[in-house]
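Open the model in your viewer and keep the selection tool at hand. The tour goes from the whole chain to single residues.

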Amino acid sequence: MAEFHISLGFVVLLIVVALAFDFMNGFHDAANAIATVVSTGVLPIRTAVLMAGMFNLVGALMGTAVAKTIAS
């Protein structure tokens with residue numbers, strides 16, 4: 001049976017890449033939500049951006065229930 005060794009540097013790089021992907025994915029989600037409410041005239045731009053930022057932060061701090069569900 002072949003042994004597989006993963007270096008600490010590779011693990012750190014993998015974590016950094018995963019966090020960068022998650023961060024960029026959030027940009028796209030927020031942009032879609034903001035564009036929808038602003039283009040329909042429901043909210044002004046400033047309010048939509050502030051709400052998106054606030055709720056993204058709250059969602060990030062709420063926990064890992066979604067990640068656990070997807071992992072299972």
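Accessible areas here come from the Shrake-Rupley method with a 1.4 Å probe, and for residues only the protein chains shown count as cover. Select everything and show the surface: the protein exposes about 6400 Å². Carbon and sulfur atoms supply 74% of that area.

This is a predicted model: local features need pLDDT of at least 70, side-chain atom pairs count only at pLDDT 80 or more, and totals for chains, interfaces and linings use all residues. Residues are numbered from 1 along each chain as its sequence is written, and side-chain values use heavy atoms, with hydrogens and water left out.

**Whole chain**

Color by pLDDT, the predictor's confidence in each residue, from 0 to 100. The mean for the protein is 84, and 96% of its residues reach 70 or more.

Now switch to cartoon. From the N terminus on, the order is α-α-α. Helices (H or I, at least four residues) and strands (E, at least two) are DSSP runs, numbered from the N terminus.

Turn the model around. The C-alpha atoms fill a box of roughly 60 × 25 × 20 Å, taken along the principal axes. The radius of gyration is 18 Å, whereas a compact globule of 72 residues would have one near 11 Å. That radius is taken over C-alpha atoms, and the globule rule is 2.2 Å times the number of residues to the power 0.38.

How many of the 72 residues count as buried? The share is 6%. Buried means under 20% relative accessible area, exposed over 50%, and partly exposed in between (1.4 Å probe, protein chains only).

**Helix H1**

Select residues 8-39. H1 has 32 residues and reaches 47 Å from its first C-alpha to its last, close to the 46 Å expected at 1.5 Å a residue. The expected span is 1.5 Å times one less than the number of residues.

Click Leu-14, in H1. Leu-14 counts as exposed because its relative accessibility is 53%. Leu-14 is one of the residues in a nonpolar surface patch, which also includes Phe-4, Ile-6, Phe-10 and Leu-19. Together the patch residues have about 1200 Å² of accessible area.

Next, Asp-22, also in H1. Asp-22 is exposed, at 51% relative accessibility.

Past H1, stop at Gly-41. Its phi is positive, near 85 degrees.

**Helix H2**

Select residues 45-62. H2 has 18 residues and reaches 26 Å, close to the 26 Å expected. Among the elements, H2 has the highest mean pLDDT, 87. Gly-63 follows H2, with a positive phi near 140 degrees.

**Helix H3**

Finish at residues 65-71. H3 has the lowest mean pLDDT among the elements, 81. Click Ala-65, in H3. Is Ala-65 buried or exposed? Ala-65 is exposed, with a relative accessible area of 57%. Ala-65 and Ser-39 are 26 residues apart in sequence and 32 Å apart in space, C-alpha to C-alpha.

Notes: Patch = residues over 30% accessible without salt bridge, like charges linked within 9 Å, V, L, I, M, F, W, Y side chains within 5 Å. Salt bridge = Lys/Arg side-chain N within 4 Å of Asp/Glu carboxyl O.
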